[in-house]
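Thanks for coming, everyone. I'll walk you through one protein model today, so please have the sequence and the structure open.

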Amino acid sequence: MDTNPCATEEVEEIDLAPTEEILNNLPDNSRGHLIPTLDRVQNIYRFLPEPAVELMMEFFNVARAEIYGVISFYPQLRITEPGKYIIKLCYGTACFVKGAPIIGDKINDKYHIKPGETDDSKLFTLQTASCLGNCGAAPMAIIGEDTHGTIDPEKTFDILSEYKKDDEEMPVTEEVG
Ligand code: FES
């Protein structure tokens with residue numbers, strides 16, 4: 001995960017209304033709601049944009065260092081926009097011993113992404129995950145919305161190529177006006 005809250009990249013304008021709605025519907029501003037709220041806000045934008053984090057800081061009355069400390073503690077939370085497809089590679093015990101780290105290394109060799117990173121084409125973000133709940137099919141990965149079991153480097157590359165192909169074949173929508 002990118003843990004640098006001081007990134008100087010230009011901040012894209014985002015619609016904060018959904019974040020405000022989530023906050024306004026909480027029963028109170030106790031800290032116990034912070035982590036589930038971060039999760040819900042991330043589900044809207046696919047990451048935690050700075051302006052949304054600022055709203056949460058204000059609402060929960062937490063310091064910047066504290067909220068970013070929480071974000072950096074949980075690997076599933078991120079402050080930069082991920083690639084179109086997130087590769088969640090299971091590093092639970094069963095998958096680990098059956099070669100998940102080798103698959104991770106091969107993905108890095110080919111796409112130049114380590115866990116937490118996104119490739120240059122912004123198509124894939126690699127993440128590691130704890131047990132995905134189907135150890136009998138280890139090693140496992142969830143790529144985008146799909147679950148894949150008994151993968152190896154070759155099978156993983158085939159799957160990723162399909163996603164790449166699908167993406168390239170997507171019709172380009174023309175801008176109106
Ligand atoms: S350890 Fe990977 S699915 Fe359980």
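Start with helices α6 and α7. In this predicted model, they pack at an angle of about 50°, and their axes are 9 Å apart. The crossing of α6 past α7 is right-handed.

Who makes that contact? From α6 come Ile102, Ile103, Lys106, Ile107 and Lys110. From α7 come Pro153, Thr156 and Phe157. Sort these residues by type, and you get five nonpolar, one polar and two charged.

Now step back to the whole chain. How many helices and strands does the protein have? Seven helices and four strands. Read from the N terminus, the order of elements is α-α-α-α-β-α-α-β-β-β-α. The protein has 177 residues, and 25% of them are buried. Next, take the contacts with a separation of 6 or more. Of these, 66% are between residues 24 or more positions apart.

On to the sheet. A general point first. Strands of a sheet pair through backbone hydrogen bonds, either parallel or antiparallel. Here we have an open sheet of four strands, in the order β2-β1-β3-β4. The pairing is mixed. Which strands sit at the edges? They are β2, residues 124–129, and β4, residues 146–148. Each of these pairs on one side only. Neighbouring strands are turned by 20° against each other on average, with direction ignored.

Let's go pair by pair. Strands β1 and β2 run parallel, joined by six bridges. As an example, Ile86 has Thr125 in β2 as its bridge partner. Strands β1 and β3 run antiparallel, with three bridges between them. There, Leu89 has Ala141 in β3 as its bridge partner. Then comes β3, residues 141–143, with β4. That pair is antiparallel too, over three bridges. Look for Ile142, which stands opposite Thr147 in β4.

Is β1 enclosed or open? Count its residues: five of the six are buried, so β1 is largely enclosed by the rest of the structure.

Helix α7, residues 153–169, lies across β1, β2, β3 and β4. It runs at about 10° to β3.

You'll find it in strand β4. Is His148 buried, exposed or partly exposed? It has 17 C-beta neighbours inside 10 Å. Buried takes 20 or more, and exposed takes 12 or fewer. So His148 counts as partly exposed. Leaving out residues up to four places away in sequence, it touches Met140, Ala141, Ile143 and Ile159. His148 and Ala137 are 11 residues apart in sequence, and their C-alpha atoms are 8.5 Å apart in space.

Take α1, residues 17–24, and α3, residues 50–60. Their axes come within 10 Å and cross at roughly 20°. Under 35 degrees counts as roughly parallel, so that is what α1 and α3 are to each other. Their crossing is right-handed. In the contact, Thr19, Glu20 and Leu23 of α1 meet Ala52, Leu55 and Phe59 of α3. By type, that is four nonpolar, one polar and one charged.

Now α2, residues 34–45, against α3. The axes come within 11 Å and cross at roughly 155°. That makes α2 roughly antiparallel to α3. This crossing is right-handed. The residues from α2 are Leu34, Thr37, Val41 and Tyr45. Those from α3 are Ala52, Met56 and Phe60.

Notice Ala52 in α3. It takes part in the contact with α1, and it takes part in the contact with α2.

Note on methods. Residues are numbered from 1 along each chain as its sequence is written. This is a predicted model: local features need pLDDT of at least 70, side-chain atom pairs count only at pLDDT 80 or more; totals for chains, interfaces and linings use all residues. Axes are lines fitted to C-alpha atoms, for helices over the stretch in contact, and angles run from 0 to 180 degrees between N-to-C directions. Helices (H or I, at least four residues) and strands (E, at least two) are DSSP runs, numbered from the N terminus. Angles under 35 degrees count as roughly parallel, over 145 as roughly antiparallel, 65 to 115 as roughly perpendicular and the rest as oblique. A crossing is left-handed if the near helix is turned anticlockwise from the far one by less than a right angle, and right-handed if clockwise. Two residues are in contact if their C-beta atoms, placed from the backbone, lie within 7 Å. Ala, Val, Leu, Ile, Met, Phe, Trp, Tyr, Cys and Pro count as nonpolar, Asp, Glu, Lys and Arg as charged, and the others, Gly among them, as polar. Two strands pair if DSSP finds at least two bridges between them.
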